[in-house]
Amino acid sequence: MSKRQSAKYKLDRRMGENIWGRPKSPVNKREYGPGQHGQRRKGKMSDYGIQLRAKQKLKGYYGDITEKQFKKSYVEASRMKGDTGQNMIGLLERRLDAVVYRAKFAPTIFSARQIVSHGHIYVNGVKCNIASRLVKPGDEITLGKKAQEMALVMEAQGLAERDIPDYVAPDGNAKITYTRVPTLDEVPYPVKMEPNLVVEFYSR
């Protein structure tokens, strides 16, 4: 499992957006970029720059997954029927760490990945520690007994800043069923995501 070398909020500053919708994000106070030149007026971005930014934002939102894993999602999405951008969002939302985050078993996507990798998550009754595993509609995701008492999990379940989306059906506080693969407009992103630009970036 790769770790983020820099603090997660640096991504918010770099993008100039609160990409996870967290109340502690520094963007809520300072909308300019980090560093000594952060307040300079930015010039017009090239098409490549706009596409790259869209890619970094979407990749960062899912816990800054590795470039290899992210590109694999694009390649897989492009082989599926239908719109590649929509397919890509569907694949990212099927990742086990993303489902754990959506279920409010963890306060951040980073802690969701940690909970999975530490063996606290069960898929259809079987322990799974692979964060990139793709969940299928109908799969039941359960939080292990130890994890249910963790302060991190209790914090997540009390968060008012995000709701559990319709495609994740809760059964009490420690179990959910993944009901269907969502479309882009069903995913509760706090900021606008543009998978079409990500597709353009990779298909250059």
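Helices (H or I, at least four residues) and strands (E, at least two) are DSSP runs, numbered from the N terminus. The model is predicted, so local features need pLDDT of at least 70 and side-chain atom pairs count only at pLDDT 80 or more, while totals for chains, interfaces and linings use all residues. Residues are numbered from 1 along each chain as its sequence is written, and side-chain values use heavy atoms, with hydrogens and water left out.

**Stop 1: Thr183**

Select Thr183, in the loop that runs between strand S5 (175-178) and helix H9 (195-202). Thr183 is partly exposed, at a relative accessible area of 34%; buried means under 20%, exposed over 50% and partly exposed in between, with a 1.4 Å probe and protein chains only.

**Stop 2: Asn87**

Asn87 belongs to helix H4. Its relative accessibility is 13%, so Asn87 counts as buried. Setting aside neighbours within four places in sequence, show Ala77, Met80, Lys81 and Gly82, which are in contact with Asn87. Contact here means heavy atoms within 4.5 Å.

**Stop 3: H3 against H4**

Select helix H3 (residues 67-79) together with helix H4 (residues 84-93); they pack at an angle of about 130°, and their axes are 8 Å apart. H3 is therefore oblique to H4. Angles under 35 degrees count as roughly parallel, over 145 as roughly antiparallel, 65 to 115 as roughly perpendicular and the rest as oblique. Axes are lines fitted to C-alpha atoms, for helices over the stretch in contact, and angles run from 0 to 180 degrees between N-to-C directions.

On the H3 side, display Phe70, Ser73, Tyr74, Glu76, Ala77 and Ser78; they meet Thr84, Asn87, Met88, Leu91 and Leu92 of H4. By class, this contact has six nonpolar, four polar and one charged residues. Ala, Val, Leu, Ile, Met, Phe, Trp, Tyr, Cys and Pro count as nonpolar, Asp, Glu, Lys and Arg as charged, and the others, Gly among them, as polar.

**Stop 4: H9**

Move to H9, where six of the eight residues are buried. Colour Pro195, Leu197, Val198, Val199, Phe201 and Tyr202, the buried residues of H9. Their cover includes helix H2 (47-61), H3 and H4.

**Stop 5: Leu96**

Finish at Leu96. Apart from neighbours within four places in sequence, Leu96 is in contact with Val116, Ile121, Val123, Cys128, Ile130, Ala131, Arg133, Val135 and Ile141.
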